[in-house]
Structures are given as structure tokens and as C-alpha cells.
Amino acid sequence: MTDIYSAIQVSDHVYWVGAIDWSIRDFHGYTTPHGSTYNAYLILADKITLIDTVKKPFLEEMLARIASVIDPAKIDYIISNHSEQDHCGCLSEVVGRVRPSKVFASAAGVKNLGEILHNDYVIQAVRDGETLSLGNMELTFMETRMIHWPDSMFTFLAKDGLLFSQDAFGMHLATFERFADELPADMLEYEAATYYANIVLPYSPVVLKALEKVAATGWEIRTIAPDHGPVWRRDLGFILDRYKKWAVQKPANKAVVVYATMWHSTESMAKAIAEALAQAGVSVKILSLNEAHRSEVIFELLEAGALIVGSSTLNNNMLPQMADVMTYIRGLKPVNLIGAVFGSFGWSGESVKDLETALKGMKVDVVAETVSVRHVPGPEALEKCHELGRTVASELAKRLSQK
Ligand code: FEO
């Protein structure tokens with residue numbers, strides 16, 4: 001085991017012993033241009049406990065960090081807060097090397113781990129609210145189903161006021177800085193929002209319930225230690241307040257115009273629509289899918305009120321990059337959006353109908369008449385696009401005044 005890696009103390013009895021992944025650029029479809037970390041934590045209690053593990057290729061890095069504090073063979077317990085493979089992928093190897101006396105997970109976690117790892121060791125299920133004595137301190141478990149998977153749970157270490165929150169409050173950001181207060185606030189805001197939009201968004205109703213559930217416990221939380229990105233040890237309101245805001249998804253005076261274009265006709269239409277919106281005082285973001293990634297689209301939608309989508313027709317379909325984004329957005333379930341559709345075509349023009357169907361399927365309220373243009377938009381068609389933009393702006397203003 002190499003000694004180039006070291007653990008970092010994050011509270012009186014807890015060390016970060018995770019791994020930094022500087023190279024990852026795609027996390028199941030979410031682009032991660034700044035890498036990530038897989039955070040595991042070691043609790044130095046009478047019963048030495050490891051909270052979560054790391055993605056399989058990073059096993060040796062984690063074990064080396066543990067070895068900088070204690071002999072890994074001294075670990076008594078392992079807790080799996082979340083059974084996605086970035087946190088449990090090497091669990092079987094860790095169990096084989098460390099030989100802990102017990103491994104714990106939620107009931108759903110036990111089932112998942114069996115199906116993922118096909119392990120032959122016994123994992124003990126813990127219940128919501130159950131406590132586990134580590135001798136001189138105690139852990140309490142809280143189920144947080146669907147943040148991010150059905151198995152997910154938080155674990156609270158009262159002695160240090162430390163909440164192990166697995167995916168919640170995390171971000172995909174590779175840094176040597178282990179604490180949020182060592183990083184610029186605008187970086188934290190952007191990375192946490194991108195992560196929320198791409199990972200947590202569909203579970204927003206569950207997030208609100210989990211925040212209430214945590215508040216009701218009376219736990220004195222001084223540190224939040226997620227499974228990705230930096231540890232929050234100061235100004236916890238920074239991330240908690242943002243989670244509340246993002247989970248509510250209150251619409252804002254912002255429109256996102258997303259398009260895919262073949263010969264710039266759909267692009268001209270997008271620009272005319274965006275001009276009208278901006279002239280009406282709406283904050284507008286235009287994203288060309290010939291360049292922008294799906295992750296950027298959902299990030300921009302996180303605090304928007306309108307989604308306007310356009311595509312050329314290619315072989316009786318919308319362009320494939322638009323189909324990709326519509327599928328991605330539908331899965332992430334943004335709410336409280338109004339929308340509209342536009343597009344161009346050469347001879348058949350199915351893209352706009354398909355986009356209307358897609359928006360309706362996402363429960364986006366389509367508020368303007370679709371504009372569809374054969375070949376290249378002339379002045380009349382561009383005026384129709386402008387009108388579409390004005391209609392969306394006016395409807396958005398109405399909705400915002402009602403909220
Ligand atoms: Fe970081 Fe849902 O795994």
C-alpha cells in the first residue's frame with residue numbers, strides 16, 4: 001500500500017479517506033468537466049467505522065488514506081449509506097481485505113448490494129431511526145429514499161454533530177480543498193446547482209420532506225459530509241437554503257430557448273424568439289444543441305419559468321441531439337414551466353408535432369401557437385417567431401404575478 005496518500009481530518013473523530021477523480025467527464029449522462037470525488041469517511045470510535053467506500057478503480061487510494069491514520073484491518077464496521085457503484089463498487093474487496101465484523105445498510109441497500117456485488121457476506125439491515133453504538137459514541141440512521149436511490153440513507157454522528165449525507169448536498173468537483181469554505185462561493189453555487197439539476201431534481205418533493213424530517217430530529221448538525229465534493233463545516237445555511245429553493249422550483253422571469261438546427265433556419269427563428277423575450281424584460285438563455293450539452297440545458301432550467309424548444313426535421317423526426325435532450329429533461333422532471341415550440345423543415349415537418357407531444361408529456365404548459373417554417377424563414381415567419389416570444393413573455397409575467 002502506497003504512502004503517498006493521506007487522510008484529512010474533518011471533525012474531532014472523523015477523517016476523510018476518499019478518492020479524487022480528476023478525469024471523469026461523464027457521470028451517467030451528466031457531463032462533469034471538473035471531475036469528482038468519491039468521499040469515504042473513517043470514524044475513530046471504540047468500534048472503528050468506515051462510512052461508504054469509493055468507485056472500484058480507487059480502492060487502493062482509499063485504503064492508503066485509511067492506512068495513513070490506522071491499520072485498515074482495525075475497521076470494525078462498514079456502513080453503506082448508498083448502493084450506487086461510485087460508493088459501493090469496491091465494497092466486496094474492502095470486506096475481503098479488512099474483514100470487518102459487521103456491514104450495515106438500509107433494507108433496500110442490503111437488497112441492492114446483493115444484486116450488485118453478489119457478495120457472500122452478511123449485510124445487516126438498519127431501520128429508519130435506529131441507532132448503532134460504536135462504544136464511546138453512537139450513530140443514528142435516517143432513511144432518505146430516492147435521494148438519490150431507494151436505498152439511500154443519512155447517518156448522524158451526534159458526538160461530532162456530523163451528518164453523513166451521501167449524495168445530498170454534494171457536487172462533482174475534483175479539488176484538494178476538502179472544505180467548502182476553502183472554495184469561492186460562486187464556484188460552490190454553480191457546482192451544487194449543476195449537481196442538483198442533473199442528479200437530485202426529480203426527487204425534489206422528497207428533498208423537501210427530508211429537510212423537514214432532519215429539522216424535526218433536533219440534531220445539532222455542525223458539519224455535513226456528502227459523498228461528492230467538499231465538506232460543509234461553516235455556514236450550513238448556504239447549501240440548505242439552496243436545496244429548499246431548488247426543490248420548490250418556483251418559476252423565475254427567465255426563458256431557456258433550446259434548439260437544434262441543420263441549415264440555420266431554426267437558429268434564425270430561435271434568435272427572433274429570444275429577441276422578443278429579452279425586449280419584454282425576460283432574462284433569456286439560448287442554447288444551440290449543436291454545441292451545448294444536455295447538462296447545461298437542465299442547469300439553465302433549474303431557475304427558469306419557460307422552456308421554448310425548436311428543431312429542424314430530419315428524416316421525419318426531430319434532430320437526434322434534440323431527442324437526446326428531451327429524453328434527458330423528461331427524466332429529470334422539472335415543474336412549473338410554460339413553453340412553446342418552433343422548427344423548420346424541407347418537406348414533411350414532423351419535428352414540431354413531436355416536440356409539442358414531448359413538452360406536454362413533461363407537463364410543460366404550451367402557451368403559444370407553434371411556428372413551423374418550410375426551408376428558410378422570411379420576414380413574415382420571423383415576425384411570427386417574435387410574436388411567439390411576446391406571447392410567452394406576457395404569459396410568464398402573468399404566472400409570476402400570480403405566485
Ligand atoms: Fe454518488 Fe447516487 O451516487
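At what angle do the axes of helix H1 (residues 59-67) and H3 cross, and within what distance do they come? Select both helices and you will find that their axes come within 11 Å and cross at roughly 40°, where axes are lines fitted to C-alpha atoms, for helices over the stretch in contact, and angles run from 0 to 180 degrees between N-to-C directions. The model is a predicted one, in which local features need pLDDT of at least 70 and side-chain atom pairs count only at pLDDT 80 or more, whereas totals for chains, interfaces and linings use all residues. Residues are numbered from 1 along each chain as its sequence is written, and side-chain values use heavy atoms, with hydrogens and water left out. Helices (H or I, at least four residues) and strands (E, at least two) are DSSP runs, numbered from the N terminus.

**Stop one: H1 and H3**

H1 and H3 are therefore oblique to each other, the term for what remains once angles under 35 degrees count as roughly parallel, over 145 as roughly antiparallel and 65 to 115 as roughly perpendicular. Now show the side chains of Leu59, Glu60, Met62 and Leu63 in H1, which meet Glu93, Val94, Arg97 and Val98 in H3, contact being heavy atoms within 4.5 Å. The residues of this contact divide into 5 nonpolar, no polar and 3 charged; Ala, Val, Leu, Ile, Met, Phe, Trp, Tyr, Cys and Pro count as nonpolar, Asp, Glu, Lys and Arg as charged, and the others, Gly among them, as polar.

**Stop two: the sheet**

Next, select the 7 strands of the open sheet, which follow the order S1-S2-S7-S8-S9-S10-S11 with mixed pairing; two strands pair if DSSP finds at least two bridges between them. At the edges lie strand S1 (8-11) and strand S11 (123-126), each of which pairs on one side only. Neighbouring strands of this sheet are turned by 30° against each other on average, direction ignored. Then zoom in on strand S2 (residues 14-16) and strand S7 (residues 41-43), which run antiparallel and are joined by 3 bridges; here Trp16 stands opposite Tyr41 in S7.

**Stop three: H9 and H10**

Finally, select helix H9 (residues 294-301) and helix H10 (residues 320-332), which pack at an angle of about 45° with their axes 10 Å apart. Arg294, Ser295, Val297, Ile298 and Leu301 in H9 meet Asp324, Val325, Tyr328, Ile329 and Leu332 in H10, and the residues of this contact divide into 7 nonpolar, 1 polar and 2 charged.
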